[in-house]
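This report concerns side-chain pairing and helix packing in the model displayed below.

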Amino acid sequence: MTAKTPMPRTFLKVWAASGVSSFGDGVYLSSLPLLAASLTRDPVLLSVVSAAALLPWLFFGLIGGALVDRWDRRRTMWMTDAARAALLFGAVGAAAAGWIGIPMLIVVAILLGTGQIFFETAAASYLPELLGRDPLVLKRANSRLRGTMEVTDRFVGPPAGAALFTLGRTIPLLTDAVSFLVSSLLIRSLPAGPPKARAPKGSLLKDARAGAAYLMRDPLLLGLSLRPALGNLAFSAGTAVFVLFAQEELHLGPAGYGLLLSTEAIGGVLGSMLTARLSDRLGIGGGLILTAALLTAAQVSIGLAESPLVAGVAMALRAAALGCTIVLAASVRQSIVPDELMGRVTAAGRLMALGAAPIGALLGGWLATVAGLRAPYLIGAAFLVASTLVSLTMTTNRKIEAALLKAELSRREAATESAAGIA
């Protein structure tokens, strides 16, 4: 398959499932902080709710990746989304019974985060299984998935979530549950792939450590994981108190808050559309360096913003740079990591990236308490300066091109040996 070959119908179903699920996530994105803020005005408690969904990655991320490498990836995806739908339907029922509170929100967020480990790790591993390892094709697919996610998760979902919240506090949760159910049914309708070759089942912990060790020994993969880890320290610090920042510093109500969140979608879609052109002009490494610098500038601008317009423009710029970064990094990783390690290496990278997010969220709550609601953005930008240095040294064009060539030669050698064995 080349970059100009039409995507298979199976990818279109994955694309549709991603869009539906992302819409539900967008609804959840704006409604959960509003729901939490209706129960408490304590910045620290709000930051705990924000961090809760990411905590499972700290304790279960590597094991989840090892399990995904052992399991059928398609089945893992649809069963996980079905379980998340059931969880949210149950949460709506519990809320109707009057049990809603901060502890319940934390438990729901933790369980949803556990499901995220399985779904996102399996999805990242399934894409090269479905489309092959051509980095041009993977960039094209990842750009479509990312662009759709920006529209549904960032543009349509947040204002819809804020509007639904005004109709009833649990209606957004019900909407997210339905989105998970539809996504599960779409993925389940995909044809089953070829059965995996049975490998000796050793220690699960040993398998998990092998994926982490593979990542840590490869400077390029390590750099691609350090970038989002440093970024999440900065972004989560602001996100944890953003609902208060929007209300008290920018003087926005629920509808304005949802619209401000949706401005990120404009930049995110633009970033996804321009990813291929950016990498063609600057190379993947050059694109990663540029986006790191733009992320730093955008984060400082948000922290200094006095009006929703300035904050919205800065958030759009940040989303554009982040969208490009995610597409470029994912395409490189999917092109160079061996299939049998894909789940574990993906999980190890996600653990490094998302493991930093709860720390950033708690840091943001503390900074907002002791230094004001602008401090999480301005102080957090220092981590984005460090991420720029990572790109300048660890993910350059020369290193990326060498890794892609090495991976392609390894696949050709394996194919030649396999053909010789059959003969």
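Which residue does the side chain of Asp 81 meet in a salt bridge?

## A pair within helix 4

In this predicted model, the side chain of Asp 81 forms a salt bridge with that of Arg 84, at 2.7 Å from N to O. The two residues lie three apart in helix 4 (residues 73–96), so about one helical turn separates them.

Asp 81 has 0% relative accessibility and therefore counts as buried, the cut-off being under 20%. Arg 84, at 10% relative accessibility, counts as buried because its value also falls under 20%.

Side chains of opposite charge can pair when their charged atoms come close. Asp 69 takes part in a salt bridge with Arg 344, at 2.8 Å from N to O. This pair connects distant parts of the chain: Arg 344 belongs to helix 13 (residues 342–371) and Asp 69 to helix 3 (residues 55–70), 275 residues apart. Arg 344 and Asp 69 are both buried.

The side chain of Asp 69 also meets that of Arg 73 in a salt bridge, at 3.3 Å from N to O, and Arg 73 is likewise buried. Through shared partners, Asp 69, Arg 73 and Arg 344 are joined into one network. The model has six salt bridges in total.

## Packing of helices 10 and 11

Helix 10 (residues 242–249) packs against helix 11 (residues 254–304) at an angle of about 120 degrees, and their axes are 9 Å apart. The two helices are therefore oblique to each other, and the crossing is right-handed.

On the helix 10 side, Phe 242, Val 243, Phe 245 and Ala 246 meet Tyr 257, Leu 260, Leu 261 and Ile 302 of helix 11. The contact comprises eight nonpolar residues, with no polar and no charged ones.

Definitions and conventions
Residues are numbered from 1 along each chain as its sequence is written. This is a predicted model: local features need pLDDT of at least 70, side-chain atom pairs count only at pLDDT 80 or more; totals for chains, interfaces and linings use all residues. Side-chain values use heavy atoms; hydrogens and water are left out. Axes are lines fitted to C-alpha atoms, for helices over the stretch in contact, and angles run from 0 to 180 degrees between N-to-C directions. Helices (H or I, at least four residues) and strands (E, at least two) are DSSP runs, numbered from the N terminus. Angles under 35 degrees count as roughly parallel, over 145 as roughly antiparallel, 65 to 115 as roughly perpendicular and the rest as oblique. A crossing is left-handed if the near helix is turned anticlockwise from the far one by less than a right angle, and right-handed if clockwise. Contact means heavy atoms within 4.5 Å. Ala, Val, Leu, Ile, Met, Phe, Trp, Tyr, Cys and Pro count as nonpolar, Asp, Glu, Lys and Arg as charged, and the others, Gly among them, as polar. A salt bridge is a side-chain nitrogen of Lys or Arg within 4 Å of a carboxyl oxygen of Asp or Glu. Buried means under 20% relative accessible area, exposed over 50%, partly exposed in between (1.4 Å probe, protein chains only).
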